Amino acid sequence: MTDRKQEQRDTVRADDPTNGPLTTDQGVPVDHTDDALAAGERGPTLMEDFHFREKLTRFDHERIPERVVHARGAGAYGYFEPYESCAGFTRAAFLQDPSVRTPVFVRFSTVQGPKGSADTVRDVRGFATKFYTSEGNYDLVGNNFPVFFIQDGIKFPDFVHAVKPEPDTDIPTGASAHDTLWDFVSLQPETLHAIMWLMSDRAIPRSYRMMQGFGVHTFRFVDVNGHGTFVKFHWKPKLGSHSLVWDEAQECQGRDPDFNRRDLWNAIAAGEYPEWELGVQLVPEEDEFAFDFDLLDATKVIPEEQVPVRPVGRMVLNRNPDNFFAETEQVAFHTANVVPGIDFTNDPLLQARNFSYLDTQLIRLGGPNFTQIPVNRPVAPVRNNQRDGYHQSAIHTGTNYSNNSLGAGCPAVSGADGSAYTHHAERVDGAKIRRRSPSFQDHYSQAALFWNSMADWEKEHIVQAFRFELGKVGALAVRARTVDELSNVDLELAREVARGIGVPVPQGGAEPGRYKSASPALSLEAQRGDGSLRTRQIAVLVTDGVDAEQVTSAREALAAEGAVVEAIAPADGTVTGSDGQEYQVDRALPTVASVLYDAVLVPGGPVGTPAVASDPDAVRFVRDAYRHGKPVGALGSGVGALTPVVPDAVHVATQNGSVVADQGVVTDTSPGPAQSEFLQRFIRAVAEHRHWGRPPVRT
Ligand code: HDE
């Protein structure tokens with residue numbers, strides 16, 4: 001997608017506070033901001049230069065503490081609308097009327113790395129949504145995995161310390177491949193299910209726009225009669241869930257560390273608004289104990305095959321923030337921000353979160369008035385007797401206590417009209433104990449459920465991920481202990497991992513086939529979305545003499561499908577096509593790489609193999625695209641450009657002039673414009689996203 005920043009820079013907004021002449025914070029006009037006031041041209045700077053001192057002081061205070069987890073993020077505004085009334089199970093106002101759009105702000109994030117870390121690291125992604133509802137703000141603070149690493153929030157500091165950079169070296173940044181994390185994992189089998197997700201391609205999403213979101217905990221819906229229903233929340237992206245491959249993700253960290261945030265910003269700026277469907281899994285309270293796991297255990301999913309996900313509405317993100325700090329950095333989520341009709345359960349992880357989020361905002365945003373910051377401000381009216389504190393910007397008048405008669409009793413508690421939040425009247429009875437429930441003790445069967453549900457290529461990627469991560473662990477005992485734990489999940493998985501990391505191959509463990517169940521919905525294969533090409537980035541490699549008809553016909557057909565096509569040449573500027581016309585180049589080859597694209601197309605030229613075939617950068621481009629399973633198309637003499645890269649098994653089939661689509665390598669040696677049959681095949685190959693099981697590259 002082309003960069004839209006310049007368009008934005010060129011638009012001067014009337015409400016921009018920096019429009020007009022320069023002033024100090026006190027509004028005093030400033031005529032000179034390039035030299036400090038000094039006693040003579042070479043003399044000392046004078047204390048009385050209030051503009052200089054104010055400018056530097058303000059600069060010194062620009063930073064606030066970054067989030068202790070989820071520090072790196074990107075956000076956007078949009079709206080949510082329900083498909084139909086959900087009155088049957090919740091009274092939440094924003095889930096009642098399909099004609100009512102509720103504004104939202106969403107922040108996506110990685111967890112481990114600091115604010116300046118790369119986007120495409122192996123990590124969980126945060127998916128936090130603030131609904132500005134008519135009944136107050138509701139925050140659904142979820143992740144792109146449906147399960148978490150621990151069961152009780154009291155372990156959170158331990159887990160986060162273990163995964164964060166090690167305290168002596170501050171290494172690694174944005175990575176989990178290090179001793180302390182795996183030491184923790186090997187000693188804490190409750191982590192295993194989430195670890196399976198972390199080792200899967202879910203941990204390296206292609207785009208924030210192409211990942212699922214999950215509320216993780218079991219929450220509770222409450223209807224107007226006070227009747228409760230357990231609920232798990234799901235976000236499903238319209239474009240489907242797609243991931244990178246690990247090698248590509250690593251290269252992206254250097255080629256474009258902002259890969260995911262740029263993608264989100266550019267898509268919205270281009271009017272390609274990302275969309276998710278909100279789905280709910282509903283469990284009647286009577287069925288609380290109908291499962292072979294505990295609904296309060298956040299390391300478990302309710303398999304979709306057991307309780308289907310019921311779509312209840314859609315969310316569209318259609319506006320980029322104007323100021324990263326003011327909005328994306330200062331947005332403050334809190335799991336306890338709920339509205340009437342949504343309540344908690346006794347999930348001990350959720351209970352801990354209900355304490356932690358407010359606490360963290362107090363330190364991060366410097367006091368209790370952060371709800372007055374525009375991005376956090378409810379659209380519902382706020383009236384109470386909470387007063388003063390750092391950064392108070394409201395000017396309260398009248399009384400500040402309740403009950404009062406001097407202030408006409410205001411603000412009075414609501415009650416009679418039934419609009420107030422009432423906590424679900426769950427009966428609670430128990431001795432005060434510190435003990436994990438026996439119903440939380442099975443840590444292996446759902447880790448195995450996940451493994452059993454994977455396609456072969458997903459399994460292969462998981463094994464490779466374990467080998468990479470554990471291969472970076474220095475303590476061999478930790479490697480071995482982790483493999484032992486894995487053998488309780490699946491013996492073959494454990495053996496495969498062990499073979500790659502130099503530890504004894506386990507002989508015992510979960511006997512093969514012990515855990516048979518699978519949930520096909522957990523595989524990325526089941527989450528392909530609408531199968532469209534919208535916003536897929538396609539590189540067309542061009543040089544002087546390129547067949548103009550081929551480029552134009554392919555470009556038009558792909559753009560009509562919603563793909564973003566970029567012409568990439570050895571240098572910026574223009575190339576001269578076979579028709580003698582000049583064609584604009586979108587990017588110069590040295591500034592890009594195939595990891596930044598979803599597919600590549602090599603058109604030909606009227607005289608023999610195009611020059612790209614001998615350009616090492618272009619050869620690398622095609623080779624990497626092929627290696628990463630991406631669709632590769634070639635036309636006319638461009639097919640020859642594949643020869644140095646694509647092995648015979650795929651390539652030979654293209655020699656007879658016929659159209660061939662093999663493992664997403666789509667070629668047509670006939671001259672002239674791209675034929676519709678070729679285009680259809682190439683479009684299908686791109687819609688597939690990736691093609692697994694290709695023979696290795698030639699070079
Ligand atoms: Fe968080 N988490 N978390 N977390 N979390 C934070 O709040 C915490 C957990 C999640 O974009 C912090 O404002 C505890 C699960 C997201 O601003 C902090 C526990 C899930 C975000 C915090 C958990 C999440 C956070 C840090 C275990 C998925 C980023 C900064 C009991 C369901 C929100 C902040 C944003 C952020 C605490 C576990 C998701 C410290 C104590 C499970 C998406 O309050």
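Helices, meaning DSSP runs of H or I of at least four residues, and strands, meaning runs of E of at least two, are numbered here from the N terminus. With that settled, let me turn to the model itself. It is a predicted model, so that local features need pLDDT of at least 70 and side-chain atom pairs count only at pLDDT 80 or more, while totals for chains, interfaces and linings use all residues. Residues are numbered from 1 along each chain as its sequence is written, and side-chain values use heavy atoms, with hydrogens and water left out.

I will begin with the chain as a whole. Its secondary structure comes to 17 helices and 19 strands. The radius of gyration is 28 Å, close to the 27 Å that the globule rule gives for 699 residues, so the chain is as compact as a globular protein of that length; the radius is taken over C-alpha atoms, and the rule is 2.2 Å times the number of residues to the power 0.38. Along the principal axes, the C-alpha atoms fill a box of roughly 95 × 80 × 55 Å. Of the 699 residues, 53% count as buried, where buried means under 20% relative accessible area, exposed means over 50%, and partly exposed lies in between, with a 1.4 Å probe and protein chains only. If we take the contacts with a separation of 6 or more, residues 24 or more positions apart account for 73% of them, a contact being heavy atoms within 4.5 Å.

Now to the ligand. Which residues come nearest to the ligand? Of the 24 residues around it, these are Arg67, Arg107, Arg353, Tyr357 and Gln361, and a residue is near a molecule if one of its heavy atoms lies within 4 Å of it. The residues of this shell divide into eleven nonpolar, ten polar and three charged; in that division Ala, Val, Leu, Ile, Met, Phe, Trp, Tyr, Cys and Pro count as nonpolar, Asp, Glu, Lys and Arg as charged, and the others, Gly among them, as polar. Strands β3 (125-133) and β4 (136-143) and helix α9 (348-364) each supply at least two residues of the shell, and α9 gives the most, with seven residues.

Tyr357, whose place is in helix α9, deserves a separate word. The iron atom of the ligand has a single donor from the protein, and that donor is Tyr357 (OH), 1.9 Å away. Donors here are N, O and S atoms within 2.8 Å of the metal (3.2 Å for Na, K and Ca), and water is not among the atoms, so sites may look incomplete. A polar side-chain atom of Tyr357 also lies 2.7 Å from a nitrogen atom of the ligand. As for oxygen atoms of the ligand, a polar side-chain atom of Gln361 lies 2.8 Å from one, and a polar side-chain atom of Ser356 lies 3.2 Å from one.

Is Glu275 buried or exposed? At 18% relative accessibility, Glu275 counts as buried, and its place is in strand β8 (residues 275-284). Its side chain makes a polar contact with the side chain of Arg314 (3.0 Å), a polar contact being a pair of N or O atoms within 3.5 Å, where within protein one must be able to donate a hydrogen and the other to accept it, and residues adjacent in sequence count only if both atoms are side-chain atoms. Leaving aside neighbours within four places in sequence, Glu275 is in contact with Lys236, Pro237, Lys238, Arg314, Met315 and Val316.

I will finish with the backbone. Most residues other than glycine have a negative phi, and most peptide bonds are trans. In the loop between α9 and α10 (445-453), where Asn403 lies, the peptide bond from Ser402 to Asn403 is cis, with omega near 5°. Pro411 is found in the loop between α9 and α10 as well, and the bond from Cys410 to Pro411 is cis, with omega near -10°. His391, likewise placed in the loop between α9 and α10, has a positive phi of about 60° although it is not a glycine, and at 58% relative accessibility His391 counts as exposed. His70, in the loop between α2 (50-60) and β1 (73-82), also has a positive phi of about 60° without being a glycine.
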